[in-house]
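Subject: model handover, pockets and cavities

Hi,

Here's the model I promised, for you to open in your viewer. My notes on its pockets, cavities and ligand site follow below.

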Amino acid sequence: MRAKLDNRLTAAAALIIPGKPVADIGTDHLLLPLYLVQNGIVPRVIASDKARQPYENALALAQEQGLDQWIELRLGEGLEVLNPGEAATIVIAGLGGRLIRDILAAGKAVLVGKPRLVLQPQKDAALLRRWLAQQGWRIMAETIAYEGGHYYQLLAAEPGRQRLTRAEAEFGPCLLRQAPPLLRGYLGEEKSRISALIVGLNAHAGPAAQRRLRQLHAQLRKIKEVLAGLPCRESDRD
Ligand SMILES: C[S@@+](CC[C@H](N)C(=O)[O-])C[C@H]1O[C@@H](n2cnc3c(N)ncnc32)[C@H](O)[C@@H]1O
């Protein structure tokens, strides 16, 4: 079986350092490690999962494919499965931004090896970016992938210094600078999501709801501002 990646995991694969060992934390179906090794992109992958069933399934799959020499499965929580310097790239994809932050915070001893982090938060990307900047990480690259009707943000970070504006934390410093074609769609989706939340909250008069409403309106204004500043494209014309 040759691993075929969807757009989201293809975008993650494009951000890793080729030719050097990768760790895939929370690997589940093992698709990314299989793809990286089968295509000769990296010589070795450490693939981990904290849950026994996905770990055992992935272990059986690596053996069945005759790739267990190059893909090593480890069972365990977050970065606890790694030693410093074992992986040049650590991938954590498909988890919430808050959980990714908690995994990184608990695994600081492993991060002294100064790996590249390839992260794909399902939500709370701003919280993750702020934490990275506070903890001495610099965002080197970002992409957006569109898959199954959803937009996904991906980022690569390396040790370094970075100060983020509010908009950069929300929408990504590289994404704002480079304005890739999918950014407009992603912001449009965010605009609809936040507008729907505002409509839902308008009925609630309590102080907590009012505070949240003010935050959401501020977010919406920021999105409109960013959208207005994006360069025009041929496809934007009617
Ligand atoms: C939604 S899947 C994502 C799979 C793959 N990374 C992807 O992006 O398609 C999440 C996997 O991460 C595992 N997981 C969740 N929290 C974890 C943690 N703290 N440490 C290791 N694995 C974890 C889950 O057991 C599950 O198999």
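The second largest cavity has a volume of about 30 Å³. By cavity I mean a set of points, on a 1 Å grid over the protein atoms alone, where a 1.4 Å probe fits but cannot get out; lining residues have an atom within 4 Å of a point. Volumes are the space filled by probe spheres set on the points, with grid points joined across faces, edges and corners. Arg 166, Glu 170, Phe 171, Gln 219 and Lys 222 line this second largest cavity. Two elements give it two or more residues each, helix 7 (166-171) and helix 10 (207-229), and helix 7 has the largest share with 3 residues. (Helices are DSSP runs of H or I with at least four residues, strands are runs of E with at least two, and both are numbered from the N terminus.) By class, that lining is 1 nonpolar, 1 polar and 3 charged. Here Ala, Val, Leu, Ile, Met, Phe, Trp, Tyr, Cys and Pro count as nonpolar, Asp, Glu, Lys and Arg as charged, and the others, Gly among them, as polar.

Before you go further: this is a predicted model, so local features need pLDDT of at least 70 and side-chain atom pairs count only at pLDDT 80 or more, while totals for chains, interfaces and linings use all residues. Residues are numbered from 1 along each chain as its sequence is written, and side-chain values use heavy atoms, with hydrogens and water left out.

The whole-structure search gave 2 cavities of 30 Å³ or more. The largest comes out at about 40 Å³, and its lining includes Leu 82, Pro 84, Glu 86, Ile 90 and Val 110. That lining splits into 6 nonpolar, 3 polar and 1 charged.

Now the pockets, meaning open sets of grid points with protein on both sides within 12 Å along at least five of seven lines. The largest pocket holds about 680 Å³ of space. It is lined by 24 residues, with Lys 123, Asp 124, Ala 125, Glu 190 and Arg 193 closest to its centre. Helix 9 (181-202) provides the largest share of that lining, 5 residues; helix 6 (125-134) and strand 7 (150-159) are among the elements supplying at least two. The lining has 9 nonpolar, 5 polar and 10 charged residues.

For polar contacts (pairs of N or O atoms within 3.5 Å), a side-chain atom of Asp 49 is 2.6 Å from a ligand oxygen. A polar backbone atom of Gly 78 lies 2.8 Å from a ligand nitrogen, and a backbone N or O atom of Ala 93 is 2.9 Å from a nitrogen atom of the ligand.

Cheers

Conventions. A polar contact is a pair of N or O atoms within 3.5 Å; within protein, one must be able to donate a hydrogen and the other to accept it, and residues adjacent in sequence count only if both atoms are side-chain atoms.
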